[in-house]
Amino acid sequence: MSASTRNGFSRLKKNHKISLAGVATLSAAAIGFTVIPGTAASAQTEPQSAAAAAPAPASVASLSNKTEGTPLHLGLSQQQTAIELKAQADAAAAKAKAQAAAKVKAAAAAKAKAEAAAKERAAVKAAASRAAARKPVFANNLDGWIKESLSIMKKEGIPGTYEGIHRNIMRESSGNPKAINNWDINAQNGVPSIGLLQIIKPTFDAYHVDGTKKSQWDPVANIVASCNYAADRYGSMDNVDSAY
C-alpha cells in the first residue's frame with residue numbers, strides 16, 4: 001500500500017472518529033437541552049461540557065413512573081385526581097365542621113330560651129306569690145263581709161260606703177246572712193227575700209258580679225249584687241233608707 005493510500009486511510013479514519021465524536025457530542029447536547037433547558041446555550045458553545053453531562057438521560061427517565069411503567073401524562077392525571085379527591089375531602093370536613101358548629105349554636109340557643117322561659121315562669125310565680133301575700137284577709141263576720149264587698153265593688157266601679165251598706169243591712173236582716181222573708185208578696189210569688197240585704201233570686205241573678213259565689217246565701221255575693229242593683233236603681237246603696 002502506498003504512502004498516499006496509507007495517509008488517505010489514516011485521514012478517513014481520523015475523520016470518521018471525528019464524525020463519531022461529533023454525533024456523540026450532539027446527542028449528549030440534545031439530551032442536555034431536553035433535561036436542562038436553561039443550559040442550552042452553554043451546550044451549544046461548550047460541546048465538551050455537554051458531553052460531560054451525558055448522565056442526564058437518567059433525569060429524563062425519572063419523569064416517567066419507573067416502577068409502574070406509567071406514561072408521564074397518566075402520572076399527571078393521577079396527581080390531578082388525588083388533588084381533586086383531597087379538595088373534596090377538605091370540603092366535606094369543612095361542611096361537617098360547620099354543621100357541628102351550627103348544632104352547638106342551636107343547642108346553646110335552645111338552652112338559653114329554656115332558661116329564659118324558666119326565669120319568666122319563676123318571675124310570674126313570684127309576682128303571684130307577692131300578690132297573694134298582699135291580698136287582704138277579711139274576717140268572717142259582718143265587718144269583714146262589708147269590707148271585702150267594698151274591695152270588690154271598688155274594682156267593679158260600684159258605688160257605696162261602709163256606712164250606707166251597714167245601715168241597710170241592719171234594717172233588712174239585723175246582720176244575719178241566713179235571714180229569709182217568707183210572708184211578703186215576693187214570698188207569696190215564690191221568690192222570697194234572702195240574706196243580709198234581702199235580695200230576691202231574679203234580682204240577684206241579674207246583678208250578680210263575677211268573682212263572687214252564685215248564691216244569695218253567701219254574705220259577700222249578697223252585698224255586692226244588692227249594691228249593684230241599688231246603684232242601677234237609686235245611684236248608690238247610700239241613697240236607700242227603706243225597702244228597695
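## Charged pairs within single helices

Asp143 is partly exposed, with a relative accessible area of 30%, where buried means under 20% relative accessible area, exposed over 50%, and partly exposed in between, with a 1.4 Å probe and protein chains only. The model is a predicted one, in which local features need pLDDT of at least 70 and side-chain atom pairs count only at pLDDT 80 or more, while totals for chains, interfaces and linings use all residues. Residues are numbered from 1 along each chain as its sequence is written, and side-chain values use heavy atoms, with hydrogens and water left out.

The side chain of Asp143 forms a salt bridge with that of Lys147, at 3.2 Å from N to O; a salt bridge is a side-chain nitrogen of Lys or Arg within 4 Å of a carboxyl oxygen of Asp or Glu. Lys147 is likewise partly exposed, at 41% relative accessibility. Both residues belong to helix α6 (residues 142-156), where Asp143 and Lys147 are four residues apart, about one turn of the helix; helices (H or I, at least four residues) and strands (E, at least two) are DSSP runs, numbered from the N terminus. In helix α9 (residues 201-207), Asp205 and Lys201 are also four residues apart, about one turn of the helix, and their side chains meet in a salt bridge of 2.8 Å, N to O. Asp205 is partly exposed at 44% relative accessible area, and Lys201 is partly exposed at 44% as well.

Which residue meets Arg167 in a salt bridge? The partner is Asp241, with 2.5 Å from N to O. This pair links distant parts of the chain, with Arg167 in helix α7 (residues 162-172) and Asp241 in the segment after α10 (219-234), 74 residues apart. Arg167 is partly exposed, with a relative accessible area of 27%, whereas Asp241 is exposed, at 56%. Under the salt-bridge rule the count comes to six.

## The two largest pockets

The largest pocket has a volume of about 260 Å³. On a 1 Å grid over the protein atoms alone, a pocket is an open set of points where a 1.4 Å probe fits, with protein on both sides within 12 Å along at least five of seven lines, and lining residues have an atom within 4 Å of a point. Grid points are joined across faces, edges and corners, and a volume is the space filled by probe spheres set on the points. The lining of the largest pocket includes Lys135, Phe138, Trp145, Glu148 and Lys155, and by class it has six nonpolar, two polar and three charged residues. In this scheme Ala, Val, Leu, Ile, Met, Phe, Trp, Tyr, Cys and Pro count as nonpolar, Asp, Glu, Lys and Arg as charged, and the others, Gly among them, as polar.

The second largest pocket holds about 210 Å³ of space. Residues lining the second largest pocket include Glu172, Asp184, Gln198, Thr203, Tyr229 and Tyr244, and by class there are five nonpolar, five polar and two charged residues.

## Overall make-up

The chain comprises ten helices and two strands, and from the N terminus on its elements run α-α-α-α-α-α-α-β-α-β-α-α. Of the 244 residues in the chain, 24% are buried. The chain exposes about 16600 Å², of which carbon and sulfur atoms supply 60%; accessible areas come from the Shrake-Rupley method with a 1.4 Å probe, and for residues only the protein chains shown count as cover. Among contacts (heavy atoms within 4.5 Å) between residues at least 6 apart in sequence, 46% join residues at least 24 apart.

Ile223, in helix α10, is buried, with a relative accessible area of 0%. Leaving aside neighbours within four places in sequence, Ile223 is in contact with Trp145, Ile146, Ser149, Ile165, Ile169, Leu196 and Leu197. With Ser149, the separation is 74 residues in sequence and 6.5 Å in space, C-alpha to C-alpha.
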